[in-house]
Amino acid sequence: MEQNIQYDFDREIDRSATGAIKLDGAAAMCGHSDVLPLWIADMDFAICPEILSALKERLNHPILGYTQPYDSYWQSISSWLKRRHGLEVKCGEMAFLPGVVRGVAYTVLYFTRENDGIVIQPPVYHPFKIVIEGNRRKVIENPLIRRADGSYEMDLKGLEEIFATQHPRMLILCNPHNPAGIQWTKETLAEVARLALRYDVKVVSDEIHGDLMLYGTRHVPFLASCPEAEKVGIMLGAPSKTFNIPGMVSSWCVVKDDNLRNGFFGWLEANEFSSPTMMAAIAAEAAYNHGEEWLAQLLPYIERNVDTVMEFCAKEMPEVKALRPEASFLVWLDFTDTGLEHDEIVRCLVDKAHVLLNDGMMFGSQGRNHMRLNVGMPRHKLIHALNLIKEAISKS
């Protein structure tokens, strides 16, 4: 790619009449046609043009029959993981998944049985709980420890106690953590791996935000944390958040251990869960092979949007505390000091500000008085949204 191309992330793009959940779902949920969507985790930026070019080129061919991905598809993922994160992955250690949440569901179905316990660490990405309960497994919570400054740490002591006394079969790890934007340290991940091996617990690591690292933070894949991690770990990832292509439904998993991988991959193949659609494979390969410069320009833009939120809250809306994320385009906001009850916060934002953020309670009871803000948008729209929130809060 030409290095002098400048991508315009300030460009406002009309997403109406595209079936976008972000827009249509927001209006349906709120009952307001003019609601500003700041919730579901996709961005309002035009994608890397090489991805569109690759898709258009394939659609120029008049036959859309059964296809299989070229070896170059698998190599693009392997090369990306090595180049970006220092993780060596052989092509045979990977399988396609039709979405990370579906991947979580597949691991739950394959590695656990009904009524087995599965650990999550709230406040955390809400589909984890939905998948566990929907498949008749038992949710075991090991809540994060909240520090005085509003940041979080993992409760490793509590995790070991759960492993030792409740004997769960699986831990679903969010790395980086959503909604708090935490990149877990290598030491923390290594301790999780050692505990999991000791107590025979599988670790499913959702690393879908791992490419969107901010402020010089480095992503630490769970599988790279220590040798024990390879024996217990199933890593899930995707180009969807990184390159803003979740509608392509193109994800993958990495399993290093032969005993874990052989049966699981065989089960995926037997059920045709691991057969990528033609367009999903094409989009992913184009993203990983040609999207690096686009991402290099996107990340500073996201950082400046996060800085905008941090500065606005500190100066214009000090009763709302923003937690600076180490990864992704999501900011965790604490409205406790507004004095409003949680339901009042939700109604204030929807009915007065006409903005929709993710309700913090969807991530667990630990999200009370919190909201998750998506800053993946042109900065002028973000500033407009912040002013709407400020005005609504000041009148409540």
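Helix axes here are lines fitted to C-alpha atoms over the stretch in contact, and the angles between their N-to-C directions run from 0 to 180 degrees. With that in hand, welcome to a predicted model of a protein with 396 residues. Its secondary structure comes to 14 helices and 15 strands.

**Overall build**
- The radius of gyration of the protein is 21 Å, which agrees with the value near 21 Å that a compact globule of 396 residues would have.
- Taken along the principal axes, the box filled by the C-alpha atoms is roughly 60 × 60 × 35 Å.

**Burial and contacts**
- Of the 396 residues in the protein, 56% are buried.
- Take the contacts between residues at least 6 apart in sequence: 73% of them join residues at least 24 apart.

**How α3 meets α12**
- Two packed helices are described by the distance between their axes and the angle between those axes.
- Helix α3 covers residues 71–85 and helix α12 covers residues 292–316; their axes come within 14 Å and cross at roughly 40°.
- The crossing of α3 and α12 is right-handed.

**Who makes the contact**
- Helix α3 brings Trp 80, Arg 83 and Arg 84, while α12 brings Glu 292, Leu 295 and Leu 299.
- Sorted by class, the contact of α3 with α12 has three nonpolar and three charged residues, with no polar ones.

Note on methods:
Residues numbered from 1 in each chain as written. Predicted model: local features only at pLDDT ≥ 70, side-chain atom pairs only at ≥ 80, totals over all residues. Heavy atoms only, no water. Helix = DSSP H or I, 4+ residues; strand = E, 2+ residues; numbered from the N terminus. Left-handed = near helix turned anticlockwise from the far one by under 90°. Contact = heavy atoms within 4.5 Å. Nonpolar A, V, L, I, M, F, W, Y, C, P; charged D, E, K, R; others polar. Rg over C-alpha atoms; globule rule 2.2 N^0.38 Å. Buried < 20%, exposed > 50% of the residue type's maximum accessible area, 1.4 Å probe, protein only.
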